[in-house]
Amino acid sequence: MHFRDLNEAQLLALAITSEEEDGRIYRDFAEGLRASFPATAELFTRMADEESGHRHRLLDIYRQKFGEHVPLIRRQDVQGVNIRRPPWLAASLRPEKAREEATLMEQDARRFYEAAAPKCGDAAVRQLLGDLANEEQKHEATAESVNAEQTETGAVEQEHETARRLFVLRIIQPGLAGLMDGSVSTLAPLFAAAFATGNTTETFKVGLAASVGAGISMGFAEALSDDGKLSGRGTPWLRGVVCGLMTTLGGIGHTLPYLIHNFHTATGIAVAVVVIELGVISWIRYRYMDSPLISATLQVIGGGLLVFLAGWLIGAG
């Protein structure tokens, strides 16, 4: 079925189910954001209430014109109509992304009513659809006014700080732990193998095994350490994946130079990569963990140097 082939009753039925779907999506947004972002949740609750009002008005005029039975016609049943994102994705949206999604939904609803109104011969139906098109456009202004009110009260700023804190807890902390472990813990076996064998191929294999093994170990350790329900650190599998990947990345960085066959060149590049890795770790601690830059740098480089010396002494002994 194509949009252009819908009759008046079918257009109204589609509008009714669309308003119901949009209202449920907004309530999903509100429910998913309420615990950490109450101001944005309030915005979506208001928008859901407005969508419910639209649906009731559409139902009233449908009953007057066509009776009690409303056929189930959904967006996915009609060609030429945009389909909404799956509602379960609402739980993974950040506040700013949810607001952007809502803006797109309102714009799409307005275009639907603007296209549907001329197709209706009944004056009352055409007027209602035109009114709803105008109201959908006003929703954007309403959302902006609510945002302005929340900005003045400091609610939006508080939400931004909450979002930053959650980002640090759920992404930065496990990623930083993995990067530190991968960059530092693999130094000893890598350089021990390098100075013990003088063989770049064997050293690469040792470094690769150490990096992948550490990534798997750290990923499982992070995922099993905390279910996130009490700490608010998010889903365990996400933290585990982030931690595991960053651990592997931290070890792979100074392992790859040993693909070069010249031992001294490979070792020199590997050492330079280690210095860069430790610098990145220090900057992340300074940027997101509020650690003094000099202190963070000395701590990270000091720890890395000790591990490197241990690997060198063991390998050269």
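Analyst: Contact means that heavy atoms lie within 4.5 Å. This is a predicted model, in which local features need pLDDT of at least 70 and side-chain atom pairs count only at pLDDT 80 or more, whereas totals for chains, interfaces and linings use all residues. Residues are numbered from 1 along each chain as its sequence is written, and side-chain values use heavy atoms, with hydrogens and water left out.

User: Which residues does Glu277 touch, not counting residues up to four places away in sequence?

Analyst: Glu277 belongs to helix H9, residues 263-288. Helices (H or I, at least four residues) and strands (E, at least two) are DSSP runs, numbered from the N terminus. Leaving aside residues up to four places away in sequence, the residues that Glu277 touches are Ser183, Gly250, Gly253 and His254.

User: Is Glu277 buried or exposed?

Analyst: Buried means under 20% relative accessible area, exposed over 50%, and partly exposed in between, with a 1.4 Å probe and protein chains only. The relative accessible area of Glu277 is 11%, so this residue is buried.

User: How many helices and strands does the protein have?

Analyst: From the N terminus on, the elements run α-α-α-α-α-α-α-α-α-α. The count is therefore 10 helices and 0 strands.

User: What share of the contacts between residues at least 6 apart in sequence join residues at least 24 apart?

Analyst: The contacts considered here are those in the protein between residues at least 6 apart in sequence. Of these, the share that joins residues at least 24 apart is 74%.

User: What percentage of the residues in the protein is buried?

Analyst: The protein has 317 residues. It exposes about 16400 Å², of which carbon and sulfur atoms supply 61%; such areas come from the Shrake-Rupley method with a 1.4 Å probe, and for residues only the protein chains shown count as cover. The buried residues make up 42%.

User: What distance separates the C-alpha atoms of Leu245 and Ser211?

Analyst: Leu245 is found in H8 and counts as exposed because its relative accessibility is 56%. Along the chain, Leu245 and Ser211 are 34 residues apart. Their C-alpha atoms are separated by 9.8 Å.

User: What is the relative accessibility of Gly130?

Analyst: Gly130 is found in helix H4, residues 123-153. Its C-alpha atom is 6.4 Å from that of Glu114, which is 16 residues apart from Gly130 along the chain. Gly130 counts as partly exposed because its relative accessibility is 23%.

User: Which helix gives the most to the lining of the largest cavity?

Analyst: On a 1 Å grid over the protein atoms alone, a cavity is a set of points where a 1.4 Å probe fits but cannot get out; a pocket is an open set with protein on both sides within 12 Å along at least five of seven lines, and lining residues have an atom within 4 Å of a point. The largest cavity has a volume of about 90 Å³, a volume being the space filled by probe spheres set on the points, which are joined across faces, edges and corners. H1 and helix H3 (95-116) each supply at least two lining residues. The helix that gives the most, with 5 residues, is H1.

User: Which residues lie nearest the centre of the second largest pocket?

Analyst: The second largest pocket holds about 320 Å³ of space. H1 gives the most to its lining, with 8 residues. Of the 18 lining residues, those nearest the centre are Thr17, Glu20, Glu21, Arg24 and Arg74.
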